[in-house]
Amino acid sequence: MNFSSFLTSLGTSFVIFIVLMLLFAWLSSKPGNSVIYYPNRILKGLDLYEGGSRTRNPFAWIHEAMSSTEQEVISASGYDTAVYFVFLSTVLGILVLSGLVLLPVLLPVAATDEGVKIASTTSNGTFNDLDKLAMGNVKENSSRLWAFLLATYWVSFVTYFLLWKAYKHVSGLRADALMSPEVRAEQFAILVRDIPPVPEGQTKKEQVDSYFKRIYPESFYRSMVVTDNKVVNKIWEELEGCKKKLARAEAVYAQSKKTGKPEGARPTNRIGFLGLIGKKVDSIEYYNEKINELTPKLESEQKETLREKQLDAALVFFSSRVAAASAAQSLHAQMVDKWTVTDAPEFRQMIWTNLKIKYFQRQKYLPFLKPIVDLDAIKTVLEAYLPQLALIIFLALLPKFLYSLSKAEGIPSESHVVRAASGKYFYFVVLNVFIGVTVGGTLFSTFKTIQKDPNSLPDLLAAGLPLNATFFLTFVALRFFVGYGLELSRIVPLIIFHLKRKYLCKTEAEVKEAWLPGDLKYGTRFPGDMLIVTIVLCYSVIAPIIIPFGVVYFGLGWLILRNQALKVYVPAYESYGRMWPHMHTRILAALILYQLTMVGYFGVKKFFYGPPLLLLAIVLSLIFGYVCSKKFYRFFRDTALEVACRDLKEIPNMEQVFRSYIPPSLSSDKIEDDQFEDALSQVSRSTSFV
């Protein structure tokens, strides 16, 4: 790509961003669009605009985002979102501090060298104006390369300093969250899996109660045995679906009275496949009959599920946070595959179907994939076609596919699955998109080469990186101008909402469902950000001109996503910053990849002092990661008892805590409380520990 093409691409992306930003300023001021641009504030019952006035500067959101505090982000979108902004600001700080030294020092050093006449490792094989500002313009074995070597260390030390500072800050945020005086049900519960066979003469509930009552006689409250809810969930979902369809039919009927004859037109539907075939019936009568039929069926299945479909897992509740925190990090049985105990996830995070998976069945990979990929025919197809289709189709489907793989590992909570899937996504994107594009090979040939000879990675990167400098410059620019422009303008959600409201939604519940924004989805957003971090770090010394592009990407991302966190997105769960150790590790992995790249590139430049001196930097990175892991990580896995012992604002209602974990499909308003309690505990009140 020549310089004029680069400027054209950059200019086009910038114009698109300006257009999208103006669209946002115009569309967000329209009353009918407020549910798209301010759903978070609407759900919290707040004024759409700060100060309550609609007559304001259309770009006031910039000031509001920049002046917002971390506590305001936590109040609006939770601690996990606040931690994501710590990630953004940390990376931004790394790039800014790096750029303050690298840009004024390395650009003149590279531009004033005479290597331009003999350079051969330039962008796309042809020398252009940008290459004169890169390390490729410096002659082999030149003394000027010392400046690039010292710059590599500068970037490394800046990264160590800011990562350490961020880890301490996030650890403090997590402590603040867990020390909150508010009662949070998950802080009084533990998850128990791998319950051994029930002794003769006992029920599973009695077994669990007696086991934990013996160990924690003062603080044990009660237990809830996990059940197989597949059938009851199906009936409950069918019943809820009928209630929604009944509400829709009644809304259609009421609307027909206003627009047609006074008596209205009763809605009808067919009861066959997808409502397209079969007998035509009166919708209101039909769904009323279905509800009356399903309600007693659900109540009967609830009782049977609670009595007959118990699994080898349970939730155990304690009367104090300290007891629950202590139990969650203690070894309870001599054998690790019996009475496995962890902290309980939030109810909304629970993946109930995974709780029955046994200790040795909880795998971290799917072994059946390897023989499939190893088949010659399959391998030929993958290698022939996957490189061309990957970025179009495969990468679009990849997040959900990796989510499914992570869920298959038997992980019990949503946030843990997201962390696991995010890690897989990061390594795939870095190895296949970044390294694959850099080396210029196919997705699988890159893996093969590195697998056969891991030591070839630095040489592959060193040879490939300079050839793609302008490609990655335009890639980063496209990501922040077009990507964040679409994020801010929310054109796609806006169009989808208005189409649904006009043609599909008949009730207020359906309208609300159409505009609910969901959460920030940082599980898939973060790996994309890490791809940019990796690109910018790896090019920071080779082509320092990329640093301002990285600064704009993360600065613009911080600003726009700050607005979205305060006004748009609604968190689906809260893990109190447990994603941070994974963020920290992946930033460090990007730094080590950058250092490996520089080892190879200094070798290409025949600057023989570089590789051995940079090996020391890699060792320092590994030591730094080890120290951080030992010092900080344990608190993100287990709750510190000094944190759990803080006083609560009020005495917790333990019955309310207990009932907050009852799945909706097992809740019932019609069953007598005593009967339902017996079904849950499966013991009489005279023998219950409660």
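Two strands count as paired if DSSP finds at least two bridges between them; strands (E, at least two residues) and helices (H or I, at least four) are DSSP runs, numbered from the N terminus.

A word on the model: it is predicted, so local features need pLDDT of at least 70 and side-chain atom pairs 80 or more, while totals for chains, interfaces and linings use all residues. Residues are numbered from 1 along each chain as its sequence is written, and side-chain values use heavy atoms, with hydrogens and water left out.

**Exercise 1.** Find the bridge partner of Ala189 in β5.

*Solution.* Start with the strands: β1 covers residues 189–193 and β5 covers residues 310–318. They run antiparallel, joined by 5 bridges. Now look across from Ala189, and you land on Phe317.

**Exercise 2.** Work out the strand order of the open sheet, then say why β2 and β6 each have a side without a neighbour.

*Solution.* The 4 strands go β2-β5-β1-β6, with antiparallel pairing. β2 (220–227) and β6 (340–343) are at the edges with a single partner strand each, so one side of each has no neighbour in the sheet.

**Exercise 3.** Which rings have Arg174 and Arg562 over their faces?

*Solution.* First, the rule: a charge sits over a ring if NZ of Lys or CZ of Arg is within 6 Å of the ring centre and within 35 degrees of the ring normal. Arg174 goes with Phe635, at 5.6 Å from the ring centre. Arg562 goes with Phe85, at 5.1 Å.
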